[in-house]
Amino acid sequence: MARSRGFKQGVKTGTFQCGAKWMSLYLVRFLRHAGCWVMASWLSLLPTGPALGADVEAVRLWRAPDHTRVVFDVSEVTAFSTVSLENPERFVVDLTDSRLRADLASLPLEGTPIRQLRSGVREGVDLRLVFDLSQKVRTSVFILPPSDATGHRVVVDLFDEVTSSEPRPVLSVESLDERRDIVIAIDPGHGGEDPGASGPGGLREKTVVLQIARRLEAQLAKIPGFKPVLVRTGDYYVSLKNRRDRARNLEADLFVSIHADAFREKSAYGASVYALSMRGATSTTAQYLADTENAADLVGGVELSDMDPMLAGVLADLSMTGTLDTSLSLGALILEQIDGVAKLHKKKVEQAGFAVLKSPDVPSLLIETGFISNPGEADRLSTPAYQDKLARAIRRGIQSWFARQPPPGTLLAWQREQGGREVTIASGDTLSEIAERFGVSVASIKANNGLSRDVIYIGQTLVIPEG
Ligand SMILES: [Zn+2]
């Protein structure tokens, strides 16, 4: 097979050891970013210890909208080298002194640019992995240190070639649309390599929260004036930083991260709502959950160089204060709505240093829908009807807050300015809930709309009188 980029052949290699290992990997990453391919390739083959050999014990594939991630579980940290080849497109990863113990044939390749993944032995001891590709890709290969659930992993990311030249700029409020939608970024926690918490019967947090998030998206999409966007749409990992960036790029009015975590005691139960803390955590549970959530990047797979910087920097930003006030009052309304659907773990919005919530300009909340570690709650959380109820409670809280304080330039703000406030009835709405949302009586809504009974129907438009 052809070699390129001046790879040095036949260098005796071995496993990297501790500090030297990470320093070398950092240096390799840096040099690759800097375009020093020859030096980086040589460094990644530096002998730093005795050759122990590694077994590739398992392989998994996760397809995201813009890239494909293939993860190899390895028994030891191993040196690797890579090369891209054209005509036909191939990407080759050589793992030094390694053996394949996993089945490459059963990977779900459909919808990915990988036509085939095959393996071979190079120079008698190295494992060669060849990705036969149907299109050009941008590649990134890195090693992840062990987490609670996994050992060392070699991660191969294949990024799709972007066809459109520039991402479409988000239209500013002033420029075109005077009645823009309120954008809600809905973030199903975890995904891909990071399953989140586990419940009885193999129930995974990443699965449950995606289902709840989809229901919330569907409900919000039916309400004129709201535009929900899912931050994660399938089973793949998104870094905590990218989740925040997505919300900021969307110029979201709210970022809401959906979770269903576990606790040491199986008896722990109930829903709770969290905002970022400028100081310490408001409870030990909040601290515990923040620590767990912040470790997600390590489990989900983020290169060391892309790891989230420390929390402190952003918190110094004074603009955070206003955003945080909004988060807290919005969170309180959501909590009010969840009360009655689920038991509450905490009666008020708790705070801790959740990395995913630290956007300085987007109000951000993390909703703990329940403890998946509690068998009873896990049962409910996996039930479509209960997921719908939870989504409805969250939706009502969001709707209620924005109806009272619509951001300037939005359809809701415009409706308010017109004097009358119009509501289009969505699935699950009730007259009493709408009355509460706008701070008016049921009787006044009925009188204003000529209703003789309490019956309303989906799609019906009601004009809400001024309270
Ligand atoms: Zn979680």
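The following questions and answers walk through the fold of a chain in a predicted model.

Reader: How many helices and strands does the chain have?
Author: The chain has 467 residues, of which 40% count as buried. Among contacts with a separation of 6 or more, 75% are between residues 24 or more positions apart. The secondary structure of this chain comes to 13 helices and 17 strands.

Reader: Which strands stand at the edges of the five-stranded open sheet with mixed pairing?
Author: The order of the five strands in this open sheet is S5-S1-S2-S9-S8, and the pairing is mixed. The twist from one strand to the next averages 25 degrees. A strand at the edge has a single partner strand, so one side of it is left without a neighbour in the sheet, and this applies to S5 and to strand S8 (137-144).

Reader: Which residue in S9 stands opposite Val74?
Author: Strand S2 (residues 67-74) pairs with strand S9 (residues 152-160) in the antiparallel sense, and the pairing runs over eight bridges. Strands of a sheet pair through backbone hydrogen bonds, either parallel or antiparallel. Within this pair, the residue opposite Val74 is His152.

Reader: Over how many bridges do S6 and S7 pair?
Author: In this pair, Arg122 stands opposite Asp126 in S7. Strand S7 covers residues 126-133, and S6 pairs with S7 in the antiparallel sense over eight bridges.

Reader: Where does the loop proline with a cis peptide bond lie, and what is the omega of that bond?
Author: Most residues other than glycine have a negative phi, and most peptide bonds are trans. The proline in question is Pro88, which lies in the loop between S3 and strand S4 (90-95). The bond from Asn87 to Pro88 is cis, and its omega is near -5 degrees.

Reader: Is Asp97 buried or exposed?
Author: Asp97 is placed in the loop between S4 and strand S5 (98-100). Although Asp97 is not a glycine, it has a positive phi of about 45 degrees. Because the cut-off for a buried residue is 20 or more other C-beta atoms within 10 Å, and Asp97 has 20 of them within that distance, Asp97 is buried.

Reader: What is the phi of His190?
Author: His190 lies in the loop between strand S10 (182-188) and H3. With 29 C-beta neighbours inside 10 Å, His190 counts as buried. The phi of His190 is positive, in a residue other than glycine, and its value is near 60 degrees.

Reader: Why do H3 and H10 count as oblique to each other?
Author: Two packed helices are described by the angle between their axes and the distance between the axes. For helix H3 (residues 205-221) and helix H10 (residues 384-404), the axes are 8 Å apart. H3 passes H10 in a right-handed crossing. The angle is about 50 degrees, and H3 and H10 are therefore oblique to each other.

Reader: How many nonpolar, polar and charged residues make up the contact of H3 with H10?
Author: From the H3 side, the contact includes Ile212, Arg215 and Leu216. On the H10 side, the residues that meet H3 include Asp388, Leu390 and Ile394. By class, the residues of this contact divide into six nonpolar, three polar and four charged.

Reader: What is the separation of the C-alpha atoms of Ser359 and Arg248?
Author: Ser359 lies in the loop between strand S14 (350-352) and strand S15 (364-368), and with 21 C-beta neighbours inside 10 Å it counts as buried. Leaving aside neighbours within four places in sequence, the contacts of Ser359 are Arg244, Ala247, Arg248, Phe255 and Ser364. Ser359 and Arg248 are 111 residues apart along the chain, and their C-alpha atoms are separated by 7.6 Å.

How values were computed:
Residues are numbered from 1 along each chain as its sequence is written. This is a predicted model: local features need pLDDT of at least 70, side-chain atom pairs count only at pLDDT 80 or more; totals for chains, interfaces and linings use all residues. Two strands pair if DSSP finds at least two bridges between them. Helices (H or I, at least four residues) and strands (E, at least two) are DSSP runs, numbered from the N terminus. Axes are lines fitted to C-alpha atoms, for helices over the stretch in contact, and angles run from 0 to 180 degrees between N-to-C directions. Angles under 35 degrees count as roughly parallel, over 145 as roughly antiparallel, 65 to 115 as roughly perpendicular and the rest as oblique. A crossing is left-handed if the near helix is turned anticlockwise from the far one by less than a right angle, and right-handed if clockwise. Two residues are in contact if their C-beta atoms, placed from the backbone, lie within 7 Å. Ala, Val, Leu, Ile, Met, Phe, Trp, Tyr, Cys and Pro count as nonpolar, Asp, Glu, Lys and Arg as charged, and the others, Gly among them, as polar. A residue is buried if 20 or more other C-beta atoms lie within 10 Å of its own, exposed if 12 or fewer, and partly exposed in between; C-beta atoms are placed from the backbone.
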